[in-house]
Amino acid sequence: MILKKKKMIERYQKVNKEEYIQQGDIFLADLKYEIKSEDGFSKINNNLWIVTSNSCDIKQNKLKYISISPIVPLYFVTESVAQDKKKKGLKNNDIKDDIKKLIGNLIKYNNKKFFYLPKNKSFYLEQESVVMLEIILTFRIDEVENIIKEKRLCSLSSPDRENLGWAIGNLYNRVAVEDYHKDHHENLFNEIKNRLDAFLPN
């Protein structure tokens, strides 16, 4: 019996410059915004963003301001969490187990702080990333509309766009999205584990 490889769901879609801005639009912008991890362990100068304002409100010109949240590499979060747990005296193997659980929750979209974005080099998303949902910046639409349209890399596809909306709304329920392949959890953890091993030796 030959098993067919499950086709990966496309999480992103192309966007034309002429299209109106939507929730889930991902764009590059040098806003000189420095993000620090919760424990102060590390910081990053972020230039990748996602629109978090409601699509309908934007399209119907109901908003004077638009909201965006930063996108950061997944390792920025996992290393911050690992360092924090290390300071609290947890053993390295226990920390790695906790990181694996964190990744499992992220790819199932069961984390209220972060929204997982898989890498996709076709859309210039070079590494596994997360949206930092607790950080929201607002700008006047007339000041940033052209920047967002010009610098958009892609946009989330449905139902991931709607799932982001639920996450932003801080709801406990979420839109049903197709799960990642069962091997994705293990592969993603192994990729992160290579970086963790640098400061969490066995």
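The model is predicted: local features need pLDDT of at least 70, side-chain atom pairs count only at pLDDT 80 or more, and totals for chains, interfaces and linings use all residues. Residues are numbered from 1 along each chain as its sequence is written, and side-chain values use heavy atoms, with hydrogens and water left out.

**Overall fold**

The protein chain has six helices and eight strands. Helices (H or I, at least four residues) and strands (E, at least two) are DSSP runs, numbered from the N terminus. From that end, the order is β-β-β-α-β-α-α-β-β-β-α-β-α-α. The chain holds 202 residues, and 45% of them count as buried. Buried means under 20% relative accessible area, exposed over 50%, and partly exposed in between (1.4 Å probe, protein chains only). The chain exposes about 12100 Å², with carbon and sulfur atoms supplying 48% of that area. These areas come from the Shrake-Rupley method with a 1.4 Å probe; for residues, only the protein chains shown count as cover. Take the contacts (heavy atoms within 4.5 Å) between residues at least 6 apart in sequence: 70% of them join residues at least 24 apart.

**Helix α6**

Helix α6 covers residues 182–196. Its 15 residues should span 21 Å at 1.5 Å a residue, and the end C-alpha atoms are 22 Å apart, which agrees. The expected span is 1.5 Å times one less than the number of residues. H184, L188, F189, I192 and L196 are buried in α6. They cover an arc of only 120° around the axis, so they lie on the same side of α6. The arc is that of the directions from the helix axis to the C-beta atoms. An α-helix has 3.6 residues a turn, so residues three or four places apart point the same way. The buried residues of α6 pack against α2 (74–87), α3 (92–107) and β5 (114–117). Exposed K182 and N194 sit on the face turned away from the buried side.

**Strand β6**

Strand β6 runs over residues 129–132 and is covered on both faces. S129 and V131 are buried on one side, V130 and M132 on the other. Two strands pair if DSSP finds at least two bridges between them.

| Partner of β6 | Sense | Bridges |
|---|---|---|
| β4 (residues 65–73) | antiparallel | three bridges |
| β5 | antiparallel | four bridges |

P73 has S129 of β6 as its bridge partner. F114 stands opposite M132 of β6.

**Cysteines**

C56 is partly exposed, at 48% relative accessible area. C154 is buried, at 0%. The whole structure has zero disulfides, a disulfide being a pair of cysteine sulfur atoms within 2.5 Å.
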